[in-house]
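Here's a quick tour for anyone meeting this structure for the first time. Keep the sequence and the 3D view open as you read.

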Amino acid sequence: MAFCGVCGEKAGIGKTVCNSCQQQLAAEREVELANRRAEEREAFEAHVTEALQAWASSASTLIGAGSAPTVYKSVYVTIDSVVTGSPVADFDMSLVQAAGLQGWKVEGIIPRTEGIGLTNVSYGSSSGETWGAGIGGNVVRAYVIMSRKMTGTGDESDEIAFDLARELLEAGYDI
Ligand SMILES: [Zn+2]
């Protein structure tokens, strides 16, 4: 019979720690781990706050120098591309128009393409559907990249930029 290395009571065959001490140790480890996680979380939040302040200060320097930081976003628009004879969607740029009225400017467009597999259907002795050919690279929708400059007046542009900066820093990006 082995004895517990912690409390000295009987520990059971082949054991160096008794069951109750083992549970106690596991609970302590759990608390330690939770504390460490909380500490890491706190340190990360402090880092984000500090980096956000540093960014805000460099942003205001840039605005002063005439090269204001830019906020980008993308708007997803549908296009009336015709694929295999029928349009996939209606052309709709309402989101771009709405953003334009809020001061956003179009910077570029990234098409979203779709490949469509064609099949052959045959009837008769060997009925069924078999893959024939595929067509790829049809533009079916587009991401419109839009931008808006910071003004340094604390207006909506600045608020959007600030929120985005915090979001990026929290996601681990350097700005
Ligand atoms: Zn024990």
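## How two helices meet

Are H1 and H3 oblique or parallel to each other? This is a predicted model, and in it the axes of helix H1 (residues 19-64) and helix H3 come within 10 Å and cross at roughly 140°. Angles over 145 degrees would count as roughly antiparallel, and the crossing is at roughly 140°. H1 and H3 are therefore oblique to each other. As for handedness, H1 passes H3 in a right-handed crossing.

Which residues do the meeting? From H1 come Val-48, Ala-51, Leu-52 and Trp-55, and from H3 come Ala-165, Arg-166, Leu-169 and Glu-170. Sort the residues of this contact by type and you get 6 nonpolar, no polar and 2 charged.

## Zooming in on Leu-52

Leu-52 is found in helix H1. Setting aside residues up to four places away in sequence, Leu-52 touches Ala-165, Arg-166 and Leu-169. Is Leu-52 buried or partly exposed? With 17 other C-beta atoms within 10 Å, Leu-52 is partly exposed; a buried residue would need 20 or more.

Leu-52 and Ile-175 are 123 residues apart in sequence, yet their C-alpha atoms are 8.7 Å apart in space.

## The nonpolar core

Now for the largest nonpolar core, which has 5 residues: Val-71, Met-150, Ala-161, Ala-165 and Leu-169. Helix H3 (residues 156-170) gives the largest share of this core, 3 residues.

Leaving aside its neighbours within four places in sequence, Val-71 is in contact with Ser-147, Arg-148, Ser-157, Ile-160, Ala-161 and Leu-164.

## Out in the open

How many residues of helix H2 are buried? The count is 0 among the 8 residues of H2 (residues 94-101), so this helix is hardly covered. After H2 comes Gly-103, whose phi is positive, near 95°.

Back in helix H1, you'll find Thr-61. Thr-61 is exposed, with 11 other C-beta atoms within 10 Å. Thr-61 and Gly-103 are 42 residues apart along the chain, and 22 Å separates their C-alpha atoms.

## A stop on strand E4

Last up is Ile-109, which sits in strand E4 (residues 105-122). What does Ile-109 touch, not counting residues up to four places away in sequence? The answer is Ala-142 and Val-144. Ile-109 is partly exposed, with 13 other C-beta atoms within 10 Å; 12 or fewer would have made a residue exposed.

Notes: Residues numbered from 1 in each chain as written. Predicted model: local features only at pLDDT ≥ 70, side-chain atom pairs only at ≥ 80, totals over all residues. Helix = DSSP H or I, 4+ residues; strand = E, 2+ residues; numbered from the N terminus. Core = buried A, V, L, I, M, F, W, Y, C linked by C-beta atoms within 7 Å. Contact = placed C-beta atoms within 7 Å. Axes fitted to C-alpha atoms, helices over the stretch in contact; angles between N-to-C directions. Parallel < 35°, antiparallel > 145°, perpendicular 65-115°, else oblique. Left-handed = near helix turned anticlockwise from the far one by under 90°. Nonpolar A, V, L, I, M, F, W, Y, C, P; charged D, E, K, R; others polar.
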